[in-house]
Amino acid sequence: MATRIRPFRDGDLVAIDAVNRAAFGRADEGQLVAALHTAGCDAFELVAERDARIVAHILFSPVTVEHGDDGRVLGLAPLAVAPGHQRQGIGSALVRAALSTLATGPYRAVVVLGDPDYYQRFGFGPASAAGLHDVYAAGDDFMALALRAGGLSGYRGRVSYAPEFDGLE
Ligand SMILES: CC(C)(COP(=O)(O)OP(=O)(O)OC[C@H]1O[C@@H](n2cnc3c(N)ncnc32)[C@H](O)[C@@H]1OP(=O)(O)O)[C@@H](O)C(=O)NCCC(=O)NCCS
């Protein structure tokens, strides 16, 4: 079945909410996406469609770096694939499409909090290697990726997500 990846469009939020609810089994991530939109923190976003229906979604929002912050680091979250479409390469395709587009723009690096077994295939490594840590004490589950050579240089310390993430577990 063909999968089409495209940028976010007005009118997508209801379907994106449904995908996040189904993937995470709770309302929090869908509400987070809506809140990030309201706050203007949806820096980059893609959806994947099958048969013209949204089945997956990825969002990047700006993060703040304790030292060296220049507004050019993004946090990847959330990433959701509807349960009936998981493990078919759609999540990977979304991550790869997003990272390759971001690599051509102004951003220098991306951080993510997730399973290293999943994210290391895209080039993410422990953020601690770049002197960065997250506010959730996630250890090696907190990862970073330079979008270009030297993309992580000059940053150090705590990385904070937008306030809309506060309270998300
Ligand atoms: C995690 C998720 C985004 C992956 O998307 P997907 O389209 O199902 O995954 P893909 O088909 O691209 O990749 C499949 C590979 O990822 C692995 N994988 C899938 N989910 C994984 C997870 N939660 N942890 C580790 N590895 C995972 C599979 O084992 C498979 O590995 P293989 O290629 O070596 O066999 C999707 O399963 C999902 O939405 N899960 C629920 C929400 C969630 O946990 N989101 C991530 C938040 S960080």
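Which element gives the most to the shell around the ligand?

Analyst: Strand E5 gives the most to that shell, with four residues. The model is predicted, so local features need pLDDT of at least 70 and side-chain atom pairs count only at pLDDT 80 or more, while totals for chains, interfaces and linings use all residues. Residues are numbered from 1 along each chain as its sequence is written. Elements are DSSP runs numbered from the N terminus, with at least four residues (H or I) for helices and at least two (E) for strands.

The shell itself has 17 residues, the closest being Gln86, Gly91, Ser92, Gly114 and Asp115; a residue is near a molecule if its C-beta atom, placed from the backbone, lies within 6 Å of it. Besides E5, helices H1 (13-24), H3 (90-102) and H4 (116-119) each supply at least two residues. By class, eight residues of the shell are nonpolar, six polar and three charged. Here Ala, Val, Leu, Ile, Met, Phe, Trp, Tyr, Cys and Pro count as nonpolar, Asp, Glu, Lys and Arg as charged, and the others, Gly among them, as polar.

E5 also belongs to an open, mixed sheet of seven strands, ordered E1-E2-E3-E5-E6-E9-E7, where pairing requires at least two DSSP bridges between two strands. Strands E1 (4-7) and E7 (125-126) stand at the edges with a single partner strand each, so one side of each is left without a neighbour in the sheet. Helix H2 (residues 28-38) packs on the sheet, touching E3 (53-62) and E5 (73-81), and its direction makes about 140° with that of E5. Contact means C-beta atoms, placed from the backbone, within 7 Å; axes are lines fitted to C-alpha atoms, for helices over the stretch in contact, and angles run from 0 to 180 degrees between N-to-C directions.

The largest nonpolar core has 52 residues, of which Ala56, Val110, Val111 and Ala144 touch the most other members. Such a core is a set of buried Ala, Val, Leu, Ile, Met, Phe, Trp, Tyr and Cys residues joined through C-beta atoms within 7 Å, buried meaning that 20 or more other C-beta atoms lie within 10 Å of a residue's own. E5 gives the most to this core as well, with seven residues. Leaving aside neighbours within four places in sequence, the contacts of Ala56 include Ala80, Val81, Ala82 and Gly91.

Note on methods:
Two residues are in contact if their C-beta atoms, placed from the backbone, lie within 7 Å. A residue is buried if 20 or more other C-beta atoms lie within 10 Å of its own, exposed if 12 or fewer, and partly exposed in between; C-beta atoms are placed from the backbone.
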